[in-house]
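Here's a quick tour for anyone opening this one for the first time. Have a look around, then read on.

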Amino acid sequence: MLQQNRLQIIAYIVIHIIIYNTVMISTTSFTPTFIKTFTKTFTATTFTTKTFTGTSMKIPLHLRPRLCPNLRPLSSKSQDKSQHNSQHNSQGKTIESREERLLKRHQKSYGVKSSFNGPVTTCVTDTGHVVKTDVPKLMGGSNLHPQPVELLLSSLLGCTTTTSHYISRNWHPKPFEIIGLEMDVKAHRDNRGVMKKPTHELVEDFGIDAMLQRVTGVVTIFVSPLTEDIDSIDVSKFGVVVEDRCPVANMIVKSGCVMDVEWVIKTKVESGVESNDDGGGGGGGGANGLRQPPV
């Protein structure tokens, strides 16, 4: 019985080898009509058809394009998606990447309009606030409003304040509450970046930059005397994280300006601030703080 089964298996293999060679030889003589009829018998999982001898066989994968060149090969979902994208690209449509979709979903925008009247520039934000800028009298202004760079520093301090509150409430390994924040900073730049003549030339051709070169100062964080493990708070790392996440500070740093700001943490008792003080003169959020950074 065992020998008979072996003979049947061998015979089965020999028959399929003969049929395979027959198909290979006859491939060049297939007519379009035969190919169309031949294609209809293909299934999703196995390409089974009838040969000239009436024996059922399976067409190997590597022979399918040669036997039926007009047959669209079955593709996986990823291949279908890729072909769909390329079709859209051929029609001139833009295919957004995953990163672009995430950015579009989380993007926050700001808008400001301005008008100039004499030496004063009046800016109106999309949120309905009015901000005015001016320059000193020596520069032809009226000195009634802050200079633009002073407003930039004010934006830096305001952004730092709100970001600090948000970071402290989510600080790892243990959140803490900021009840006051004081900041004293100064910005430095090379005045030749603006005043250098001739004015129709780029100052970078003279090796000068008009941007802020350095921002120095001290940021003092006030916490409650009841704050546990205050000594375990790495205030230097806290300052680095805030500068990295604050949009204004991050923009200044990425421009090439050096942020040389010292971060200090104190309790109210050490700072000598009255207990009813809501932030030491620069906290902005007071004891309530901020759940999310509104900047």
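Predicted model: local features only at pLDDT ≥ 70, side-chain atom pairs only at ≥ 80, totals over all residues.

Residues are numbered from 1 along each chain as its sequence is written, and side-chain values use heavy atoms, with hydrogens and water left out.

**The chain as a whole**

The protein chain has 10 helices and eight strands. Both are DSSP runs numbered from the N terminus: helices are H or I with at least four residues, strands are E with at least two. Of the 295 residues in the protein chain, 27% are buried. Here buried means under 20% relative accessible area, exposed means over 50%, and partly exposed is in between (1.4 Å probe, protein chains only).

How about contacts, meaning heavy atoms within 4.5 Å? Among contacts in the protein chain with a separation of 6 or more, 60% are between residues 24 or more positions apart. The protein chain exposes about 20700 Å², and carbon and sulfur atoms supply 55% of that. Such areas come from the Shrake-Rupley method with a 1.4 Å probe; for residues, only the protein chains shown count as cover.

**Two surface patches**

Patches are made of residues with over 30% relative accessible area and no salt bridge; like charges are joined within 9 Å, and nonpolar side chains (Val, Leu, Ile, Met, Phe, Trp, Tyr) within 5 Å. L7, I10, V14 and I18 make up a nonpolar patch, with about 370 Å² of accessible area together. One of them, V14, sits in helix α1 (residues 2-26) and is partly exposed at 41% relative accessible area.

The other patch carries negative charge: E201, E204, D205 and D209 gather there on the surface. Asp and Glu count as negative, Lys and Arg as positive, and His and the chain ends are not counted. The place of a charge is taken as NZ of Lys, CZ of Arg, CG of Asp or CD of Glu. E201 belongs to the loop between α7 (192-195) and β7 (212-223), and is partly exposed at 36%.

**Salt bridges**

How many salt bridges are there? The count comes to five, taking a salt bridge as a side-chain nitrogen of Lys or Arg within 4 Å of a carboxyl oxygen of Asp or Glu. The table includes three of them.

| Pair | N to O distance |
|---|---|
| K104 and E96 | 3.7 Å |
| D260 and R214 | 3.4 Å |
| E228 and K174 | 2.7 Å |

E228 and K174 meet in a salt bridge, and this pair links distant parts of the chain, 54 residues apart: E228 in the loop between β7 and α8 (235-245), K174 in the loop between α6 (148-169) and β6 (178-189). E228 is exposed at 55%, while K174 is partly exposed at 40%.

**Backbone details**

One joins H172 and P173, with omega about 15°; P173 lies in the loop between α6 and β6. Another joins K197 and P198, with omega about 5°, and P198 is in the loop between α7 and β7.

Which way does phi go at N143? Phi of N143 is near 60°, a positive value in a residue other than glycine. N143 lies in the loop between β5 (130-133) and α6.

Note on methods
Contact = heavy atoms within 4.5 Å.
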